[in-house]
Amino acid sequence: MLNICFYFQVHQPHRVKRYRIFNVGHDHDYFNDDGQSDLNNKKVLRKVSEKSYLPTNALLLHLLQKHPEFKVSFSFSGVVLEQFEKNAPDVLESFKKLVRTGRVEILSETYYHSLAFLHSPKEFRRQIEMHRKKIEELFGQTPKVFRNTELIYRNDIGKEISNLGYKGMLAEGADHILGWRSPNFLYKAKDVPLVLLLKNYKLSDDIAFRFGSRSWKEYPLTAPKFSQWLTSHHGSGEIVNLFMDYETFGEHQWEDTGIFEFMRHLPGELLKHPDNRFVTPSEAVRTLTPVSEIDMPNYVSWADIERDLSAWRSNPIQHDALRSIYALEDKVLETGNTRLIEDWRKLQTSDHFYYMCTKWFSDGDVHAYFNPYESPYEAFMSYMNVLQDLNNRIDLIPPPNIWFRVKKGLQKLLAY
């Protein structure tokens, strides 16, 4: 039996507008939600919705109705769900229709699609809890499997997720971690009872990145051909994990590439083989047995050719920006000001630091995706100007009263 697991990431950030030093102290609306720019957040959301989310949701609903065996899974960032609620309720409803089929699983992640674990495990846990509540509110599901931002994983993240009660987690099937082993099995996380589902990046990227490339030797990729590639793993694997951004359909790969027709026929082609079956991540965790323990002592992600953290932490400006936003944690939270705390958390989204990446030579096209800045340095300057204004706003909030300070002191004493 070969299990096929489709997972799609749905995320759009609150992009920071071009925020000048002259805006500091006067303009507290940091995010590019208005104006005429084509990279305005509302316009980007509508564009991606019309090209990708709505037509792909309609296609998946058709496939779920046509093939009772077909199943998929999603992870939604909290920030994209907020944008759906405010600016695209039709898109949110189309996702709810998929979930109501009973064959769509929603995964857990950080609410703000953040890098919080790298800098504040407490904030990491808070955002996971916020995300759980949002998924329960909108979709009526309690997530059972975790997917960290950008599939970032390391042994200590696995330990943290296991301690939070999750039984499974998604990670990248990177060659330098697997070595001679195959991503087409389940693995046990090191030292904890957590099952890892590893992305088959070669087959996933055939769809996500290479599908429309006429220079690719396998072009054109058809559903029968791809089905044959997957089915060839019978006997040499138990599960093929196809993980990708949902924008693959219609946005990264435009409609004229044939991506929708490819997906329309793929489930039927795969189901022609009687020993193929579709599973959700939680089903895989429940029904399959890990073949061995895997050790990931260093950070691994699904980003870029390096599959490490260099997309967000490879240069001084990224390190400076990350250090600065998390340095504000205690000050922001102590204000108790809902608007300040929300702005601070929106500024943690990984995309902000991705736009500051200077690895343009090999990955420029990827890093330019819906990037509102002309250079990484402009992204950094806008971001740091916003942090200056945020810090000024914090200083203007009256200090907590004496009883709040006593409560905080007692909490720290009890924790000690």
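# Burial, salt bridges and packing

Author: Glu-283 counts as buried, at 18% relative accessibility. The model is predicted: local features need pLDDT of at least 70 and side-chain atom pairs pLDDT 80 or more, whereas totals for chains, interfaces and linings use all residues. Residues are numbered from 1 along each chain as its sequence is written, and side-chain values use heavy atoms, without hydrogens and water.

Reader: Why is Glu-283 called buried?

Author: Buried means under 20% relative accessible area, exposed over 50%, and partly exposed in between (1.4 Å probe, protein chains only). Glu-283 has 18%, so it counts as buried. Lys-71, with a relative accessible area of 17%, is therefore buried as well.

Reader: What makes the contact of Lys-71 with Glu-283 a salt bridge?

Author: The term requires a side-chain nitrogen of Lys or Arg within 4 Å of a carboxyl oxygen of Asp or Glu. The closest N and O atoms of Lys-71 and Glu-283 are 2.6 Å apart, so the pair qualifies as a salt bridge. This pair links distant parts of the chain, 212 residues apart: Lys-71 lies in the loop between H1 and strand S2 (72-76), and Glu-283 in helix H11 (residues 281-287). Helices (H or I, at least four residues) and strands (E, at least two) are DSSP runs numbered from the N terminus. Elsewhere, salt bridges with shared partners join Asp-29, Arg-339, Asp-343 and Arg-393 into one network.

Reader: How do you know that Arg-20 and Glu-378 form a salt bridge, and which parts of the chain does the pair link?

Author: Arg-20 sits in the loop between strand S1 (2-10) and helix H1 (41-66), while Glu-378 belongs to helix H17 (residues 376-396), 358 residues away. Arg-20 has a relative accessible area of 39% and is therefore partly exposed; Glu-378, at 14%, counts as buried. In total, the structure holds 34 salt bridges.

Reader: What separates Arg-46 and Glu-50 in helix H1?

Author: Arg-46 and Glu-50 are four residues apart in helix H1, which means a separation of about one helical turn. An α-helix has 3.6 residues a turn, so residues three or four places apart point the same way. Arg-46 and Glu-50 form a salt bridge, with closest N and O atoms 2.9 Å apart. Arg-46 is partly exposed at 27% relative accessibility, and Glu-50 is partly exposed at 47%.

Reader: At what angle do helix H8 and helix H9 pack, and what is the arrangement called?

Author: Helix H8 (residues 201-208) and helix H9 (residues 223-231) pack at about 170°, with axes 12 Å apart. Angles under 35 degrees count as roughly parallel, over 145 as roughly antiparallel, 65 to 115 as roughly perpendicular and the rest as oblique; H8 is therefore roughly antiparallel to H9. Leu-203, Asp-206 and Ile-207 of H8 meet Phe-226, Trp-229 and Leu-230 of H9 in the contact (heavy atoms within 4.5 Å).

Reader: What makes the protein chain as compact as a globular protein of its length?

Author: The protein chain has 18 helices and ten strands. Its radius of gyration is 22 Å, close to the 22 Å from the globule rule for 416 residues, so the chain is as compact as a globular protein of that length. The radius is taken over C-alpha atoms, and the rule is 2.2 Å times the number of residues to the power 0.38. Buried residues make up 57% of the 416 residues.

Terms used: Axes fitted to C-alpha atoms, helices over the stretch in contact; angles between N-to-C directions.
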